[in-house]
Amino acid sequence: MKSRQLVDLPTKRITYKNGPNGTKYVYYTVRSYRNAQGKPTSDEKSIGKLDEATGQLIPNKNYFDLFPSERKDHPETVRSVGYFEVFSRLAESIGLTQTLTHNFGRDSEKLLAIAAFMMGHGNVMMDYPDWADSTSHPKVQAMTSQKLSEFFADLDNAKQLGFFRQWLTKAQEQEYIAYDVTSISSYSEEIAWVERGYNRDKENLAQINLGMFFGETTKLPLYYSMYSGSIVDKTYLPFMMALAETIGMNHVRFVMDQGFMTRDNLTLMSHRQHTALSLIPKNLKMYKELLADVIQHPFSSRERLNTQGIYARSIEREFDGVPVMVHLYFDQQKALLSENALFDEVGRHEKQLKVLAKQKKLKPSLKKYFEVEETGEKELSYRIDYDKIDELKAQLGYFALISTDKALSAEQALSTYRQKDVIEKSFDQLKNGMDYHRMRTHYTKTTEGKLFVAFLGLIMRTVFMQAIKENEATERLTMKKVIRELEKIQQLQLKDGTTHMLPLTSTQKTILNALTIDATVFN
């Protein structure tokens, strides 16, 4: 039980301001003066709040700064109590704490503390000891960088697998699972997975690839697998499916980007009784045939969806023997934007043609929208190929989805596919929000363990983000601001052993409300 420290009110220079729930805040005038217009004004500092029962002051840190000689038992430490307390409560509310405890025992406390640090402060573990020392919570233990590396390396793979088996029960039975891949760069040559390949961050570095499952309904990261940076994404998907099946993910409803949609992958999913929904690559023969047909037989008003002027037509087909439903769409707004972009590009090419025509050294790309003729020994003439442009313009605004779930309507398929961006946002949170765009480990076992803890941090960052962005009062706040405000919820610990909470600000109360945390926890 935390005890409140009470002191006598200063006899002069104090004012009162009413707060919520009848709370009276006490302010001390530190300076009185006249402003540039000659009007009397003053600078005030909040020094605490009034204890109605005794008429005394419940002081805050400002009070002790202003009156350091008022008491002999000065504050010994000021530590943050807000952020990790909120983190812990939310982790328990989604079952993460229980799942970790079941699989890792007492190590679950270390896992959560390090995950909280990673979520809020990123990937540089040398800063962890200072953070742990400034955090007041019995489950936060200070560990040196060396001890952290040893902890990561010693994380048992079998326990991690047990965690995933249990955690995947969070996925709902009819939930679509978004699947995507990102890459994380590394300077180390000692990590088994690090190889050169397609680097999504356009860095001239070797990398690991990270495939992840993300629940579209639960909006939670569910599972990940790390693999060699040189392996092409679409060739790894069958292995990822096999891994998922070993930990209990059967009859999965996948929603994926077009890069994974190959004949072999679609056939494999069908044989394993998984459901697939994917964008169709526009270079696919089937897409070109369907597009040509819809251009010849345009959409009617009956085919308009109730979403922003989008039209849809559903066609049953077979794709290498797999029965599928193809949903072909036309987006008027997208067509208009694409048309403007097309003519902007024609204009840019024409400007370059005017400069380069006399050189007779034109790149093929500059002839894309023009008919070019030789008019002399060293000169070319050109004119816009309007027929070619009209042919390209007629194809704008169209896209198609392919689904092995033939019961899924065109509108349902579009809504489901658009939710796939949750995993793209999740990767952004991992790489930018948690500073995981670079692997800062040197050995395979350390890398595997650290990535597992980062995944836990990503789960919790997703929970925080979802709550903050769905609340009108906090939707404009960044995660950096939210975490900073929670860490400013502090506790004074005095030399006599008593503790005292600093009063909450209105912003902190708003954040706690959005996260469904009772603010009285910090009274």
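1. Ser185 is buried, at 0% relative accessibility. This is a predicted model. Ser185 sits in strand 6, which runs over residues 176-186. Beyond its neighbours within four places in sequence, Ser185 is in contact with Asn199, Glu203, Leu205, Ala206 and Gln207, and also with His437, Arg438 and Met439.

2. Helix 14 comes next. It spans residues 421-433, and its buried residues are Val422, Ile423, Ser426, Phe427, Gln429, Leu430 and Lys431. These buried residues pack against several elements: strand 6, strand 7 (206-215), strand 8 (221-228) and helix 15. Just after helix 14, Asp435 takes a positive phi of about 60 degrees.

3. Pro221 belongs to strand 8. Its relative accessibility is 0%, so Pro221 counts as buried. Not counting residues up to four places away in sequence, Pro221 touches Trp167, Met212, Phe213, Phe214, Ser426, Phe455, Leu458, Ile459 and Thr462. One of these, Ser426, is among the buried residues of helix 14. Take Thr462 as well: Pro221 and Thr462 are 241 residues apart along the chain, yet their C-alpha atoms are separated by 8.0 Å.

4. How do helix 2 and helix 15 pack? Helix 2 covers residues 82-93 and helix 15 covers residues 444-469; the angle is about 95 degrees, and the axes are 11 Å apart. That angle makes helix 2 roughly perpendicular to helix 15. Helix 2 brings Tyr83, Val86, Phe87, Leu90 and Ala91 to the contact, and helix 15 brings Met460, Val463 and Phe464. By class, the contact has eight nonpolar residues, no polar residues and no charged ones.

5. Helix 6 has one buried face. Its buried residues are Leu148, Phe151 and Phe152. Seen down the axis of helix 6, they fall within an arc of 100 degrees, so they line one face of the helix. Gln146 and Asp154, on the other side of helix 6, are exposed. The buried residues pack against helix 4 (107-121), helix 5 (128-133) and helix 15.

6. At 0% relative accessibility, Leu148 counts as buried. Setting aside residues up to four places away in sequence, Leu148 touches Ile114, Met125, Tyr128 and Met143. Leu148 and Ile114 are 34 residues apart in sequence, with 8.8 Å from C-alpha to C-alpha.

7. Side chains of opposite charge can pair when their charged atoms come close. Here the side chains of Glu150 and Lys147 meet at 4.0 Å, N to O. Both lie in helix 6 (residues 145-154), three residues apart, about one turn of the helix. An α-helix has 3.6 residues a turn, so residues three or four places apart point the same way.

8. Arg383 and Glu371 form another salt bridge, with the closest N and O atoms 3.0 Å apart. This pair links distant parts of the chain: Arg383 is in strand 14 (residues 380-384) and Glu371 is in strand 13 (residues 370-374), twelve residues apart. Arg383 is partly exposed, with a relative accessible area of 45%. Glu371 is partly exposed at 32%.

9. How many salt bridges does a search of the whole structure find? The total is 17. Lys481, Glu485 and Lys488 are linked in a network of salt bridges.

Terms used: Residues numbered from 1 in each chain as written. Predicted model: local features only at pLDDT ≥ 70, side-chain atom pairs only at ≥ 80, totals over all residues. Heavy atoms only, no water. Axes fitted to C-alpha atoms, helices over the stretch in contact; angles between N-to-C directions. Helix = DSSP H or I, 4+ residues; strand = E, 2+ residues; numbered from the N terminus. Parallel < 35°, antiparallel > 145°, perpendicular 65-115°, else oblique. Contact = heavy atoms within 4.5 Å. Nonpolar A, V, L, I, M, F, W, Y, C, P; charged D, E, K, R; others polar. Buried < 20%, exposed > 50% of the residue type's maximum accessible area, 1.4 Å probe, protein only. Arc of directions from axis to C-beta.
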